[in-house]
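Trainee: I have two chains on my screen and would like to learn how to read the place where they touch. Could you walk me through it?

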Amino acid sequence: MHLTALLWVCMQAALVVAWCFTDMETGPGAGVSTQPNGDRFKIEGRAIVPGIKTQDWVSTARILVEGEEYVGFVRTDGSFAVNDVPSGSYVVEVVTPNYRFEPVRVDITSKGKMRARLVNYIKTSEVIRQPYPLQIRASGPHTYFMKRETWGWTDFLMNPMVMMMVLPLLIIVLLPKVVNTNDPEMRKEMEQSMNMLNPNPELPDVSELMTKLFSGSKGSSKAGGSSKGTRPAVKRR
Amino acid sequence: MAKLILLCLKFIILSSAVEAVFEDQVGKFDWRQEYVGKVRFSHFDTHVQSSKKVLLATENNVFAALNTRTGELFWRHVDKTGPEGNIDALLQHGQDVVLVVGNGRLLRSWEINVGGLNWEIVLDSGSFQSACLVGQQDNVKHVAVLKKTVISFHYLSNGHQKWIENLPESETVDYQSVYSDGNGEVYALGIVPHSHIAIVAYSVEDGEIIKQVTMIHSSSIKYAVCVVISQGMLTCVDPLTVSLYMLDLHTESQMTQIPLQAMLVSFATTGEKTVAAVMSPKNKTASSLNLFSAETGRRLLDTTLIFNMDPYGGKPEKLHVQAFLKKDDSVGYRVMVQTEDHTLTFIQQPGRVMWTREEALSDVVTMEMVDLPLTGTQAELEGEFGKKADGLMSMVLKRLSSQLILLQAWIAHLWKLFYDARKPRSQVKNEVTIENLSRDEFNLQKMMVMVTASGKLFGIDSKTGSILWRHYLDNIPSNAAFKLMVQRTTAHFPHPPQCTLLIKDKDTGLATLHVFNPIFGKKSHVSPPALPQPILQSLMLPLMDQDYAKVLLLVDDQYKVSAFPSTKNVLQQLQEMASSIFFYLVDSTQGRLSGYRLRTDLSTELIWEVVIPAEVQKIVSVKGKRPNEHVHSQGRVMGDRSVLYKYLNPNLLAVVTESTDLHQERSFVGILLIDGVTGRIIHEAVQRKARGPVHVVHSENWVVYEYWSTKSRRNEFSVIELYEGMELYNSTVFSSLDRPHAPQVLQQSYIFPSYISTLEATLTEKGITSRHLLIGLPSGGILSLPKMFLDPRRPEIVSEQSREENLIPYAPELLIRTEWFINYNQTVSRVRGIYTAPSGLESTCLVVAYGLDIYQTRVYPSKQFDVLKDDYDYMLISSVLFALFFATMISKRLAEVKLLNRAWR
């Protein structure tokens, strides 16, 4: 219900806009070609940086209309006016090195009617009305800098490399405690499995040895499977 | 859905892979210098005794406030370029400054403490003549603006017009200045040349004409500079007769003439007194300044000031005097001297220079970066290889001795470091001078040779930004075009490096050469050839003469070629090479592009010609590739492991044309890719409903250009990439004459959400590092946009293969992220050019952006892969190492104990 109401309002707004600017809609850029002696208009508005005194930022601010085609300056109270602009459609930007302002598109008819709308470069004819005279509010300071990666213990511990190192370490330390290696039967079994895996005792494979050591208690069948598993990989090369 | 998430993730990874500045890197390897341009008006702020401000209005349409103690900027306002932003007058009252802008179109009032605007109003059209403030000393309420035919009167508080009146007999009388004595009358002064002076007095209240006076004057003060000083005295300086004319406007007496011995005169008022500062030449290198009372014309005592002229600078041109009352009520002063080379020097009595500003640097035309020379000891080592071998033994001895010298230098360096470390930091001077300049380990510090429009050359250290040498070339034509070329680098040790500046008068085409040493700025003893004919084209050949200087060819309007240097050796080499030397000429007025070949007798023959009908479209720019560019990989590896080879034609030219018809429905932008040797058109593209200004970058196998789309009213980027295909025709040598297959052409366009001022691509030593585009924006930011985003192979539908290739899916709009601004908040106003140079590190590219300001920095397009990052955690790595070391020690000990215990069991 709420949504439909909103939609209806939007549609009405669009209708109103269409009605107001019938002479604009002859073509999206009908007003761009201007005569040098044509009427000149004034784009007015106000720029606001919430929480900051105007005198702290106005000296670095400029109003750019269509790049640097027309330039305006900000008054000490934050308001601005760009004089001598012929009719047409322009993107108005407030430019400061420290604060971010959204650009606004301002359409001026040949009779001097003004309207402001959101800049949409993809759907250029879309009209989302903005207040005129312009009210441009800074959306915060510019973020120019990346955050440095700070070093913390948690980051260090959660690092996958560290996890990979720490977990085996834990296993090495804890496993002998859990499985009693002093038990002669167990030891025998382990040795047996090791011999089976390592047909050539003179050339012990370290990595294999390690894996076998950890998985050894579970029996040799699995180890055999894994060695089988590696075979196709070798073949593929 | 999962696919989408994956896509997003990839995008995030890709975008975070792009470099950005860290906050602690601010000012570490970058610097900015801000300029205002050639000063037109200046006004010392006197309304507060302790004020340190001087207000400047410049020819570059900049209004700024400088600190008189240091010469630094308080604030600056940059208006639009051209006559519409031209500042016609500057008036100050209290903390308000009134400017008349754009030939009397706008009246602006500024608040000078904050640097904000008070008000701005539009005046009626009409050519501006003069303006003045109306009122008593501290009670100024109005401002009067005099135009060719009207005089208008405005309130100072809000700019509203009080009255406007037509001037009588404005057809014959040339009204030049307006003046008020503050007693309710405003005078408009007009001159009828060679006849009389007309004065019209208006009532301040309602603009009624109170009286009209005409005065016969004896001499023609046509070229005179006139001011009206207090009590209605008109004082004029006539530079022709070098004398001062005085006229009392109230008594209407005859003019009195006071002869002067002077070059330059400037007036200043302090309190009740008005003085004239007069500069007169003393000897060849110095001038003296004296103060004269403007009421009496008498010289004031103890006011002599000596100004020493820079032998590499220009002559003084203008004086800006700051007069103040001393405690004993006598007049003291400081003076800002402006010289022909736009330098501002602020001097205090008796001649102490407080600061200088090189305002010529606000108008850099072209620049080059030159490697610094090796130190003496390093050069000694290098020099060993250049000489002829004379026996094994002596060579060994020489090597040993030079190694000893190096060792000695190293120990001396260490000692100096140790010595400096003990001193407090503030005392350690690390000033760079020409003497201690030397190349650093990674060749990151270079000499920036900058050529400015005023004809002044600068040598700037790229690390600190300090000016190491300057050289003013006088008699440069005002519309000169400059081309700077490095003929010999510092790599050929006994021979000094050599740069050549080609200065060409745009009207006549006549050119001169200035040959100089780029490290010291001194004019070379090599005498350049006289060029009697207009020059059409200049080209540097990779050929070198026996002194390792590259050969410069100059083509005159008779299509005759002359070489510089033109020794016998060079001419012989040229004869051998002639058949393979091709060049092109562009005639944009006739739309003709023609290619020529050199003959052995140094005449030329026409090989090809492309005519672009000038009535339909005009050639805007022709761009080749940079000769010092390296391309590392010949192709791109595709998703299916095949290779797509790049079309790397070093002779390719990108020709940009714009339609002459500017109607938005019919205008277009065209781009032609032409082989410069054969004239073969490789590719042609037209962007309909588009217009310029077009910015182009041409590099490797791609061309990126930017234009304005009139249909959608937005800026668009387009990229063209050329590929040979899956096979390379001749992989060893590229020859334009033997390429039977036309390259594959891929093109894609994107929306860019801002206007751009200039465009350049990064450049690295070997071309391994990925490329970025550096985009200068009107807001002053310099955006570093990865070339990856401008890739015509960006797919619309993501496939397994495109993912394998790391292609970003196509999105119509390119983003501007402020993290990509390489100059963070150090904006560069009106950026006109970006210069990129490789450094000794493959990852690092040196960047200089110039416009009104100069900004130098380094960029790392693929991050710093070849050096440790500056946030590298030495502490962590060493503590881990130590911890491991101790852990092994302890565990060894424990193991021993355990073994022992086991043995006992």
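Trainee: How much area do chain A and chain B bury between them?

Mentor: Keep in mind that this is a predicted model. Chain A and chain B bury about 4200 Å² between them, and 56% of that lies on carbon and sulfur atoms.

Trainee: How many residues of each chain are in contact?

Mentor: Here 41 residues of chain A are in contact with 51 residues of chain B.

Trainee: Next, charges. How many salt bridges are counted between chain A and chain B?

Mentor: To call a salt bridge, look for a side-chain nitrogen of Lys or Arg within 4 Å of a carboxyl oxygen of Asp or Glu. The count between these two chains is 1: B:Arg105 pairs with A:Asp84, with the closest N and O atoms 2.7 Å apart. There are also 13 residue pairs in polar contact across the interface, counting pairs with both residues at pLDDT 80 or more.

Trainee: Which element gives the largest share of the side of chain A that touches chain B?

Mentor: Several strands of chain A give two or more residues to that side, among them E2 (62-65), E4 (79-86) and E10 (145-146). The largest share, 3 residues, comes from E4(A). Sorted by class, that side of chain A has 19 nonpolar, 11 polar and 11 charged residues.

Trainee: And strand pairing: do E10(A) and E1(B) run parallel or antiparallel?

Mentor: They run parallel, and 2 bridges join E10(A) to strand E1 (residues 21-22) of chain B. Find A:Met146 and you will see its bridge partner, B:Phe22, in E1(B).

Note on methods: Residues are numbered from 1 along each chain as its sequence is written. Chains are lettered from A and ligands numbered from 1 in the order in which they are written. This is a predicted model: local features need pLDDT of at least 70, side-chain atom pairs count only at pLDDT 80 or more; totals for chains, interfaces and linings use all residues. Side-chain values use heavy atoms; hydrogens and water are left out. Contact means heavy atoms within 4.5 Å. Buried area is the accessible area (1.4 Å probe) that two parts lose on being put together, summed over both. A polar contact is a pair of N or O atoms within 3.5 Å; within protein, one must be able to donate a hydrogen and the other to accept it, and residues adjacent in sequence count only if both atoms are side-chain atoms. Helices (H or I, at least four residues) and strands (E, at least two) are DSSP runs, numbered from the N terminus. Ala, Val, Leu, Ile, Met, Phe, Trp, Tyr, Cys and Pro count as nonpolar, Asp, Glu, Lys and Arg as charged, and the others, Gly among them, as polar. Two strands pair if DSSP finds at least two bridges between them.
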